[in-house]
Every structure is written in structure tokens, then in C-alpha cells.
Amino acid sequence: GAVDCGGKYDGGGECGRDDCLYLRSPQTCPRQKGGKMKRLLSKVIALAMSLTAAASVFSGCGKGGDKVNKYVYTGPNDVQYMTFVITNVYWENTESYLRKMKELHPDNKAGAKRMYAFGTPGPMLITQSVEQIRDQVNGSFAYAKQYDIPVFFQLDDTTNYTTSFGDGAEIKYYEHPEMCEWTQFPDEGETYGGESAYGRLPKWYFNWGTEMAVEAVPNQASPQFRAFLKSQLEEGFIKPLIENLRELQKEGREYLFAGCNIGWETQIPDYSSDSILGSGVQMAESWERTQYGYGALHSLGYDQKRLIKEADEADMLVDDYVKQLLFGVMHDFIEFIAKTIYDAGIPRHLIYSHQVSIGSSLKRYDTMAPPLWVAVNDYCTPGWTMSRVTCPWDQQELEATIAEHAPGLNEYVNAEGYCSGYTTEKEATEYIEQLLGGNCRNVTVFGYDNPNGTFGFRREPDFGFVVATNKWLNYEICPDFDWNKRAEFKI
């Protein structure tokens with residue numbers, strides 16, 4: 001049954017082996033016709049296992065399990081940040097914005113408990129190559145050191161936000177149905193749900209000013225996708241992050257890392273008519289105007305029969321039961337990423353989850369606007385998009401959720417905020433008092449690169465948000481607030 005590999009397999013043995021190097025171009029391999037490409041996925045899993053083994057060697061596990069050479073954070077844990085995110089600009093082109101920040105704000109100083117930071121979109125974990133990710137991390141830290149402005153990273157996990165910052169990922173997840181989402185379970189003989197009926201995987205549609213469509217949506221429960229993401233995360237992001245932090249540690253400047261969002265509004269699409277955020281999408285075809293997530297359920301061992309049985313036992317409608325299962329998928333996926341970074345030595349207070357909070361204000365939820373608890377786990381500080389204009393939230397529910405699911409944590413981050421709605425000094429002051437005068441560790445301000453439109457930020461000394469930020473930095477706002485004495489959350 002072996003098939004000649006055409007000379008491209010150089011590892012010895014027959015072509016049918018799982019470690020066949022011919023999988024570099026599986027679409028041309030006679031054994032791979034039909035799109036399953038299982039040998040490539042086996043290699044991804046093997047790569048993740050080898051990385052795990054390498055991490056054990058790197059951490060220096062000696063006799064008795066003692067670890068040496070593992071990075072241990074020694075920087076401050078009580079700094080609050082106002083982070084200006086240069087949202088649509090690649091890191092190589094951010095220097096002019098940093099110079100402007102230096103003009104507008106007082107200098108950051110070692111030992112300060114209040115600082116301003118700059119944020120960069122990415123790295124894009126699922127589309128950039130490892131080299132492109134490393135370049136962004138190293139280059140961004142170089143700017144942070146040069147201008148003494150802490151850096152914040154907005155990692156992309158599953159939304160495939162853009163390939164304009166690099167599309168060099170060795171594995172294109174969207175070419176592998178096992179790594180992607182479906183709108184139904186597969187019929188017999190199908191590689192993925194809907195293959196026979198529609199001939200392609202469902203796409204990811206979103207509207208951030210302009211409606212767009214990109215390739216297939218990642219399956220957050222897929223072992224193959226997780227293995228791919230973990231290898232990108234460990235080799236591309238964590239490795240250079242630790243290297244830069246070790247150097248900063250020697251200089252007493254670990255404060256120059258302002259943390260990272262480990263996802264970009266992590267969600268599973270739902271374009272059905274009652275979806276909070278997905279119902280208005282115009283580009284989706286009729287068969288895509290439904291709940292995604294059946295790829296994840298299939299990865300967890302579900303089929304329609306089991307789904308109906310468990311929903312009936314739980315006395316729930318099947319659609320509602322599906323949502324509950326997918327909330328768990330998202331929670332576990334976020335936790336998986338957070339733990340990977342946490343286990344490398346990065347403290348919890350610098351690892352931020354990122355989902356939307358609007359469900360808390362509407363008192364209804366779906367997989368694009370999930371319950372707040374989905375973002376809470378033991379390895380990160382929970383974070384949400386929080387905006388008076390586009391994403392209002394219920395502060396009381398937020399605090400009670402953290403108290404219930406992470407007792408004693410008593411903190412969160414505004415993982416995606418805007419100055420929209422807070423453009424006057426009075427409005428910005430009230431906003432800062434509510435968040436940074438409370439239990440919010442980091443307030444992000446997206447849209448720093450665009451002075452126009454609903455989310456525009458005027459980079460001028462008389463702009464209300466700039467004025468209020470400087471007053472906060474100088475303790476003219478919340479003069480007596482002490483992070484280490486912040487209030488406890490209660491259920």
C-alpha cells in the first residue's frame with residue numbers, strides 16, 4: 001500500500017509513515033487526496049511534544065525535580081498602566097507615535113506606581129511565521145527600552161484578524177478541516193460537517209468599520225489546532241519575551257513589560273437572527289447564518305444523537321445546550337493559552353484574557369458575547385472590551401463574577417477600551433476614577449493612531465483624555481488610591 005513520494009521523503013522507510021516529510025506539500029500527495037492530511041497534523045502534535053520536552057531540558061530539571069535557569073519575574077506587581085494601543089500600525093512604524101507620547105506625557109520612572117504604555121497589535125499567532133513573531137517582540141522591546149515606555153502586546157488567537165502584518169505561518173490552519181469550525185456534524189464519508197452540501201468551510205465575518213470576511217474559523221477544541229498554536233506561542237512569542245525580560249531584569253526595568261492580551265475578543269461565531277453581535281452581518285451566505293462550533297463539539301466526541309440525549313437529560317433545548325458546551329470550550333481554550341504563558345514564568349498579573357462584556361449589560365449571552373465567567377481562570381487576570389459607546393458593561397456583575405470564580409483576585413483589565421465617550425476632561429476623569437481608581441490594573445485605549453471618527457484619539461496636549469491622563473499620572477486624580485489596599489470583590 002505504500003505510495004512513492006517522488007523523492008521528497010528523505011527520512012527513510014516507505015511513504016506511508018506518519019513522519020513523512022512529503023506532508024510539506026500534502027495537497028500533491030496521492031495518499032492525501034480528499035483533504036484529510038492526517039500526517040501533517042501528526043507532525044504538528046509531534047512538534048508540540050518535542051517542544052514540551054525541550055522546555056523541560058531548558059528549565060534544567062535535575063534530580064529530585066529541582067528547576068534551575070527558569071525565568072522568575074522580580075519586577076513590580078503593583079503598577080497600573082494607561083496603555084495607548086497603536087491599533088492599525090505595524091510595530092516597525094510606531095516610533096513616531098512613541099515620540100509623540102514622550103511629548104504629551106511626563107517621563108515614566110522606575111519605581112512609579114502609575115505609568116503610560118504603548119500597545120502593538122499582534123503578534124498574530126495563527127498567521128505570522130515564528131520569525132515574524134519574534135521580530136515583533138524583539139523590535140517592540142527595543143522601542144520600549146529606547147523611549148522608556150512599557151510595551152503591551154495584543155495577541156491574536158482565533159479571529160485571524162489580519163495577514164497584513166505577515167502571513168508566513170508554516171501551517172495554514174484553514175487548509176485543515178480538523179482545525180476549523182463547522183456549522184453541523186459530518187455525515188458519513190464527509191471530512192467535515194457540510195462538506196457535501198456546501199463544498200467549503202464556513203468563513204469568519206466581522207464588521208470593524210467595514211464588513212470583512214476571512215478564511216475558516218479555528219476550532220478551539222481541536223488537539224491539532226492547539227498543538228499548532230502552542231508551538232507558535234512558545235517558539236515565536238514566549239521565547240523572545242523571556243529573553244528580553246532577563247535583560248531587563250539585569251537593569252531593574254522589568255516594568256517595561258505592561259502585559260499581554262492573550263486573545264482578541266475570543267469567541268465562536270454565531271450569525272443566527274438572535275445573536276447579539278452576529279445577526280447584522282450581511283456577507284454571510286444563508287447556510288452560514290447559524291451557530292458555529294460543531295467542529296469543537298466533534299473534537300469533544302459529540303454527535304447529534306449524544307447532543308440530543310444530554311440536552312434532554314439536562315432539560316434544555318438543544319440550541320441552549322450547545323451554547324453552554326461552547327462557553328466551556330472557550331473557557332478551557334483561554335485557560336490553555338494563559339497556562340502556557342504562566343508556566344513559562346510570566347506572572348498572572350501580566351497575562352490578560354480578552355472577551356466582550358456587552359452581554360452583562362443586556363442580561364443575555366451567546367458565543368460571540370459570552371458570560372463574564374468564561375474569561376476567568378487561575379492563570380490570568382480577566383479582561384474584557386469595555387466601552388460606554390460600543391460595549392457597555394455591568395460593573396457590579398463583573399466584580400461579583402470575579403469574586404465567585406477567582407476568590408481573592410480582586411482585579412481585572414479593560415482589555416479593549418476607547419476614548420470615545422470620554423473626550424472631555426470631565427468625562428475622562430470620571431472614567432479614570434471608576435477604573436484606575438478602583439481595581440482595574442490596565443486601561444487600554446485603542447485607536448491611538450487615528451484622530452478621526454467615532455473612536456478617534458487626538459494626540460494634542462489640550463485633548464481632554466490627555467489632560468486627565470496626565471493628572472492621573474501626577475496623582476491629581478485619585479491622589480490617595482493605593483493598589484495594595486484596593487477593595488475586595490464580593491459576590
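Predicted model: local features only at pLDDT ≥ 70, side-chain atom pairs only at ≥ 80, totals over all residues.
View A. Residues are numbered from 1 along each chain as its sequence is written, and side-chain values use heavy atoms, with hydrogens and water left out. Helices (DSSP runs of H or I, at least four residues) and strands (runs of E, at least two) are numbered from the N terminus. Lys 323 counts as buried because its relative accessibility is 15%, where buried means under 20% relative accessible area, exposed over 50% and partly exposed in between, for a 1.4 Å probe and protein chains only. Contact means heavy atoms within 4.5 Å; leaving out residues up to four places away in sequence, Lys 323 touches Asp 270, Gln 291, Tyr 365, Asp 366 and Thr 367.

**View B. The largest nonpolar core, with Ile 346 as one of its members.** A nonpolar core is a set of buried Ala, Val, Leu, Ile, Met, Phe, Trp, Tyr and Cys residues joined through side-chain atoms within 4.5 Å. The largest one holds 138 residues, and among these Phe 237, Ile 341, Ile 346 and Phe 465 touch the most other members. Helix α8, which spans residues 318-342, gives the most to this core, with 13 residues. Apart from this core lies another, of five residues, including Ile 276, Val 356, Ile 358 and Cys 391. Around Ile 346, the residues touched are Tyr 71, Leu 241, Ile 242, Leu 245, Phe 257, Ile 341 and Ile 351, when those up to four places away in sequence are not counted. For the protein chain as a whole, buried residues make up 57% of its 491 residues.

**View C. The aromatic pair of Tyr 412 and Phe 489.** Rings of Phe, Tyr and Trp (its six-membered ring) pair if their centres lie within 6.5 Å, with planes under 30 degrees apart counted as stacked, over 60 as edge-to-face and the rest as tilted. The whole structure contains 30 aromatic pairs. In the tilted pair shown here, Tyr 412 and Phe 489 lie 6.5 Å apart centre to centre, with 35° between the planes. The two residues are 77 places apart and link distant parts of the chain, Tyr 412 being in strand β10 (residues 412-416) and Phe 489 in the segment after α12 (464-473). Tyr 412 is buried, at 0% relative accessibility, and Phe 489 is also buried, with a relative accessible area of 10%.

**View D. Tyr 448 in the loop between β11 and α12.** Strand β11 covers residues 440-446. Tyr 448 counts as buried because its relative accessibility is 0%. Beyond its neighbours within four places in sequence, Tyr 448 is in contact with Phe 84, Val 85, Ile 86, Thr 87, Tyr 97, Lys 100, Met 101, Leu 104, Phe 457 and Arg 459. The C-alpha atoms of Tyr 448 and Asn 88 are separated by 9.0 Å, although the two residues are 360 residues apart along the chain. Tyr 448 also belongs to one aromatic cluster with Phe 84, Tyr 422, Tyr 431, Phe 457, Phe 463 and Phe 465.

**View E. The largest pocket and the residues that line it.** On a 1 Å grid over the protein atoms alone, a pocket is an open set of points with protein on both sides within 12 Å along at least five of seven lines, and lining residues have an atom within 4 Å of a point. About 990 Å³ of space lies in the largest pocket. Of its 37 lining residues, Asn 207, Trp 208, Gly 209, Glu 416 and Tyr 418 lie nearest the centre. The elements that give two or more residues to this lining are β4 (203-207) and β5 (211-216), and β4 supplies the largest share, four residues.

**View F. Backbone geometry at Pro 123, Asp 148 and Cys 478.** Gly 122 and Pro 123 are joined by a cis peptide bond, with omega about 5°, and Pro 123 has its place in strand β2 (residues 114-124). Asp 148, in the loop between α3 (130-147) and β3 (151-156), has a positive phi near 55° though it is a residue other than glycine. Asp 148 is buried, at 17% relative accessibility. Cys 478, in the segment after α12, likewise has a positive phi of about 55° although it is not a glycine, and Cys 478 is buried, with a relative accessible area of 15%.

Conventions
1 Å grid on protein atoms, 1.4 Å probe; cavity = no way out; pocket = protein on both sides within 12 Å on 5 of 7 lines; lining within 4 Å. Points joined across faces, edges and corners; volume = space filled by probe spheres on them.
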